[in-house]
Amino acid sequence: MSVGESTVVADGWGWRFGAMPSLSNDGVSFTITAGERVLLLGSSGSGKSTLLRGIAGLLGDDEGESVGSLTVNGQHARAGAGRVGFVMQDPDTQAVLARVGDDVAFGCENFGVPSALIWPRVEQALELVDLRVSLDHPTSALSGGQKQRLALAGALAMQPDVLLLDEPTANLDPAGAALVRESVERVASETQATVIVVEHRLDLWWHFATRVIVLGTNGHVIADGTPEQVLTRAHDELERAGIWLPDFEGPNARASLAGNPLLFADDVTVARRGGAPVQKALSLAISQGEFIAVTGPNGCGKSTLALTLGGLLPPMAGALRASELLAPAHKRAKNYSPITWKSQQLHTRIGSVFQTPAHQFVRATVFDELALSAKTAHIDGAERTKAVSKMLDRMGLTAQANANPFALSGGQQRRLSVATALIAKPAVLVLDEPTFGQDSNTWREIVSIMGEVCDQGSAVVAMTHDPHLVRAAGRHMALSAAESSMGGVQ
Amino acid sequence: MNPLAGFVTSTIVALALLLTLSPAAALFVFVVDISGLIVFVAVKAIPASRLVSLLWPLGLMAVLSAGSTVLYGRPGGEVFFTWGLVCISQGSLYLAATIGLRILAIGIPAVVLAAVVDPTNLADSLTQLWRAPRRFVMGTLAAFRLLSLFVDDWHHLEMARRARGLGSGRGPVAAVARFGGQAFALLVLSIRRASALALAMDARGVNNPSPSRARTAEWKLRDWGFVTLALAISCVALVIAAFEQAQGGAF
């Protein structure tokens, strides 16, 4: 392909998954020419991922039906196998083979690249993404950012004309994400491949793009042009649709009004169950009304610290201690150690939201999930239904009230898991990546509810990579890289 | 050694032993196994400590099976001791020795092979030498690596139930209900991951009809040697068994 020719052409293309009543994409039309760098935006549920899968030729006839046409290099997308490379969001589910070299070679093998040519291509691809480990290096020992660059190398070794990236940096810390972006930039300028990126992190990708295409809620194109054109022409419309824009302004930082202390971590060493210590000698006092954002590189132990503060994982050394305010004496018995509390006591004192929302779902419908939390928090009778309905409304989940939590989209699941903790109004709330995968509207709602919880005298601790959330919180705690060199390995 | 040669060899010997009920044949194969292990350790192919950690559960299994057969096995020949259902006789001792030795003779090569075989190498051999379907083999290979995430998931599911105020229900009913809920959640999570992985594999063309090879799996003369050796060992074992039977060894 030479620069300037059209590569990806959609003409009134739409897709309907088997079980769904309506199209995921309601007739998308665009022409992308070779060498363009396209940033594909859209609010959640606008069918961005479906569109990428369509371009990659991964939508089979048994999964649903299409309307219109979608071609790559003039051929039906599904005939273009090997011309399109695809890097997805989750670093853990992309490596197929156990060794780095073998994994990069996997795509080459599948497309019948002659054996003698495979290994030079593998070396070249790894160099291009700057992954400098031996070919025998175990893929499981790579960090999240390295795994994403490995996936990129695996796609590159196939020498694709088109490279599709579906939120390639969503799971990464800022340093890892920047390296992935650098690699993509190098690849784009050296191979002249057409690049289509779906991302929410505009700070990284806005300046990379030569073109921005925005999909509306029913999947049609609502804006298309250079980044500057899109911003000037459709700014307000995009903002209303909840699309992250580079000039997004979050709420002002909360004034840190340290009220009475609730929870102390004294010289705490945190470690996963049966694992090596990841953070040592952490001391922290959490007080009423505080909003603390905790940041740090991937694998530094943020999630482990969250579980420890949540009274779910015993610290390896040091102690987690509740104040009298958090744990009032019960029949004159005093117990200030959260790990020994009963499950029901813990739930109303320290609420936890996990990194993977699906770990926390225990009921068959969204409504019942929230009702359960309200019940254990002793919100009874008509009050309970009222509280649940209000929370559903604020989180934009009213339409999903009777859906199974596992059937929700990633962003919706996250909101539901945050909501189950918020509705119980615990005195301390520990959240792991609460704003992950949200559009700017749902982001504002989550952050504002967390603010209200603080105003009512609770404390919020949020583990996050989200710079906007750090800005909104009153207090920031930055963790350094893990204590042990094996921190990110498991 | 090609991993498939390893599996062919151990299967041949195992089949031969399953055909007989002879403790002498099992003893013979067991001695061959142990000699093989000694050679492996001597040429530093595998450290002795690793062998011990691999094989002790098998040893325990053999001792337990043999032990219960001594006590409860079908009586025959001279009876040494009875107490209720327990009956130690010449016959039960003989049967116990056979069972213990057979478990070890068949189990040792299987356990060691499973531990030392490189999965990528095995997958290459299966697809290239035995023409096994590539998608299936590669999918299984990739799925095995997801297993390590299971344990972590399970711990998180447990902690999540505690965090949601559901952790302290007591009694067997609550425990079973909790286990069922967690198992369901684990299933959903694994299906999610598996379909993401399948999509990633599809994107890299695992279904393409004419793949090439980055690595070549080879079946060498040496591998024929191992198979021949296995056949020879099996023949000797069968001869020993026949000889023992002719002597009227079985009870």
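Helix α1 of chain A, residues 48–55, is mostly covered, with 6 of its 8 residues buried. This is a predicted model. In it, 48 residues of chain B are in contact with 63 residues of chain A. Within chain B, the axes of helices α2 and α8 come within 7 Å.

**Helix α1 of chain A**

- The buried residues of α1(A) are Lys48(A), Thr50(A), Leu51(A), Leu52(A), Gly54(A) and Ile55(A).
- Gly57(A) follows α1(A) and has a positive phi, near 75 degrees.

**The interface between chains A and B**

- Chain B and chain A bury about 4700 Å² between them.
- Carbon and sulfur atoms carry 54% of that area.
- On the chain B side, Arg162(B), Arg164(B) and Arg204(B) lose the most area to chain A.
- Together these three arginines make up 21% of what the chain B side buries.

**Packing of α2 and α8 in chain B**

- Two packed helices are described by the angle between their axes and the distance between the axes.
- Helix α2(B) covers residues 23–42, and helix α8(B) covers residues 221–246.
- Their axes cross at roughly 150 degrees.
- Angles over 145 degrees count as roughly antiparallel, so α2(B) is roughly antiparallel to α8(B).
- The crossing of α2(B) past α8(B) is right-handed.
- By class, this contact has 11 nonpolar residues, no polar ones and 1 charged residue.
- From α2(B), the residues that meet α8(B) are Pro23(B), Ala24(B), Ala25(B), Phe28(B), Val29(B) and Val32(B).
- From α8(B), the partners are Ile233(B), Val236(B), Ala237(B), Ile240(B), Ala241(B) and Glu244(B).
- An α-helix has 3.6 residues a turn, so residues three or four places apart point the same way.

**Ala241 of chain B**

- Ala241(B) lies in helix α8 of chain B.
- Its relative accessibility is 9%, so Ala241(B) counts as buried.
- Leaving aside neighbours within four places in sequence, Ala241(B) is in contact with Thr20(B), Ser22(B) and Ala25(B).
- Ala241(B) and Thr228(B) are 13 residues apart in sequence.
- Their C-alpha atoms are 20 Å apart in space.

- Most residues other than glycine have a negative phi.
- Asp130(A) is not a glycine, yet has a positive phi of about 60 degrees.
- Asp130(A) sits in the loop between α3 (115–128) and α4 (144–156) of chain A.
- With 28% relative accessibility, Asp130(A) counts as partly exposed.
- Arg131(B) is not a glycine either, and has a positive phi of about 55 degrees.
- Arg131(B) is placed in the loop between α5 (119–128) and α6 (134–163) of chain B.
- At 64% relative accessibility, Arg131(B) counts as exposed.

**Thr365 of chain A**

- Thr365(A) lies in the loop between β15 (350–353) and α10 (366–376) of chain A.
- The cut-off for buried is under 20% relative accessible area. Thr365(A) has 17% relative accessibility and therefore counts as buried.
- Not counting residues up to four places away in sequence, Thr365(A) touches Ala401(A), Asn402(A), Ala403(A) and Pro405(A).

How values were computed:
Residues numbered from 1 in each chain as written. Chains lettered and ligands numbered in written order. Predicted model: local features only at pLDDT ≥ 70, side-chain atom pairs only at ≥ 80, totals over all residues. Heavy atoms only, no water. Axes fitted to C-alpha atoms, helices over the stretch in contact; angles between N-to-C directions. Helix = DSSP H or I, 4+ residues; strand = E, 2+ residues; numbered from the N terminus. Parallel < 35°, antiparallel > 145°, perpendicular 65-115°, else oblique. Left-handed = near helix turned anticlockwise from the far one by under 90°. Contact = heavy atoms within 4.5 Å. Nonpolar A, V, L, I, M, F, W, Y, C, P; charged D, E, K, R; others polar. Buried < 20%, exposed > 50% of the residue type's maximum accessible area, 1.4 Å probe, protein only. Buried area = accessible area lost by both parts, 1.4 Å probe.
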